[in-house]
Amino acid sequence: MFFGTVLYAVVNSIILAVMAIGFNLTFGISGVANFAYGAMYILAAYVSWMLINFLGLPFFAAAALSILATTLLGALMYRFVLLRVRGQALSEVIATFGIGLAILELFRYIGFVGFEYTLPVFIDHSFMIGPAYVDMQRVLIVVIGIIIVAGLWVFTHYTSLGLAFRGIAQDERTALTLGIDSDWIATLSVSFGCGLAAVAAILIIPLGSISPGEGYDVLIKALAVCIIGGLGSTGGAIVASFVIGFAERFTDTYIGSHWTMIVSLAAILIVLIVKPSGLFGKQKELEERI
């Protein structure tokens, strides 16, 4: 039991990292807390399901189109809504949360609720690792999750656009003097963040089913990972994913599954009390701001 718990804790941790990486990317670059993130996750899953079942497209073609559509929607959301309230943190949160709420409740209203709404697994196969069974979908999530994190690191360190992202994240005013368009970079950051939410949905939703309520859960988990790790810190988000992933899995195994969500919320509360900037956050602490 212990080996299986540790194995699935590792898998769960990487799933959390995949869920949260898009939210963290957007905030780290543009400073926008995209509270429509969970809705974009669910939207991509529903769009894929509709393309497969209504238009008869192959799964991977439907997945690619849904990722593209969600990425484009993120760009439109920034250009037509967030651009007008940029720099007003509370307005950004209210605007994105309102958009997310509208998307999720629209799907609930039109009846997209039930176990029949799901996506196919990539490879329907499982095998033994030691004494524990592991399905290929989780193995693929681990592999693709590692590729995504490594790819983002290469992108932000070795491409001109990635370096512009880092420049805006580190010092927006200095980046502006070098000719970097902050609004264009912010548009791309929100767009890429939504696209990563869509990728996460395509990978993770096949393990369960699509439901509007899952959008709220994904948003809470992404917030938990980013707050604990430190908003905007990729390394912190990865460490926090493992902290929460192991805590949730051991809680599920040895205490009860109904306590797992409480673990994330309790972790947020503890970190905000002890170290408000998070484990690796660069935001100033209270005593430094006074």
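Helices (H or I, at least four residues) and strands (E, at least two) are DSSP runs, numbered from the N terminus. The model is predicted: local features need pLDDT of at least 70 and side-chain atom pairs count only at pLDDT 80 or more, while totals for chains, interfaces and linings use all residues. Residues are numbered from 1 along each chain as its sequence is written, and side-chain values use heavy atoms, with hydrogens and water left out.

**View 1. G151 in helix α5.** G151 is found in helix α5, which covers residues 136–158. With a relative accessible area of 35%, G151 is partly exposed; buried means under 20% relative accessible area, exposed over 50%, and partly exposed in between (1.4 Å probe, protein chains only). G151 and F250 are 99 residues apart along the chain, and their C-alpha atoms are separated by 30 Å.

**View 2. The whole protein chain.** The chain has 12 helices and 2 strands. From the N terminus on, its elements run α-α-α-α-β-β-α-α-α-α-α-α-α-α. Its radius of gyration is 19 Å, close to the 19 Å that the globule rule gives for 290 residues, so the chain is as compact as a globular protein of that length. The radius is taken over C-alpha atoms, and the rule is 2.2 Å times the number of residues to the power 0.38. Along the principal axes, the C-alpha atoms fill a box of roughly 55 × 45 × 40 Å. Of the 290 residues, 47% count as buried. Among contacts (heavy atoms within 4.5 Å) between residues at least 6 apart in sequence, 76% join residues at least 24 apart.

**View 3. Helix α9 against helix α10.** Two packed helices are described by the angle between their axes and the distance between the axes. The axes of α9 (residues 212–229) and α10 (residues 234–254) come within 7 Å and cross at roughly 120°. Axes are lines fitted to C-alpha atoms, for helices over the stretch in contact, and angles run from 0 to 180 degrees between N-to-C directions. The two helices are therefore oblique to each other; angles under 35 degrees count as roughly parallel, over 145 as roughly antiparallel, 65 to 115 as roughly perpendicular and the rest as oblique. The crossing of α9 and α10 is right-handed, that is, the near helix is turned clockwise from the far one by less than a right angle. On α9 the contact is made by K221, A224, V225, I228 and G229, and on α10 by G236, A237, A240, S241, I244 and E248. These residues divide into 6 nonpolar, 3 polar and 2 charged. Ala, Val, Leu, Ile, Met, Phe, Trp, Tyr, Cys and Pro count as nonpolar, Asp, Glu, Lys and Arg as charged, and the others, Gly among them, as polar.

**View 4. Helix α1 against helix α10.** Helix α1 (residues 2–30) packs on α10 at an angle of about 140°, with the axes 7 Å apart. That makes α1 oblique to α10. The contact of α1 with α10 has 15 nonpolar, 8 polar and 2 charged residues. The crossing of α1 and α10 is right-handed.

**View 5. T253 in helix α10.** T253 lies in helix α10 and is partly exposed, with a relative accessible area of 31%. Leaving aside neighbours within four places in sequence, T253 is in contact with M1 and T5. V190 is 63 residues from T253 in sequence and 37 Å away in space, C-alpha to C-alpha.

**View 6. S66 in helix α3.** S66 lies in helix α3 (residues 59–80). At 0% relative accessibility, S66 counts as buried. Not counting residues up to four places away in sequence, S66 touches A44, V47, S48, L51 and I202.
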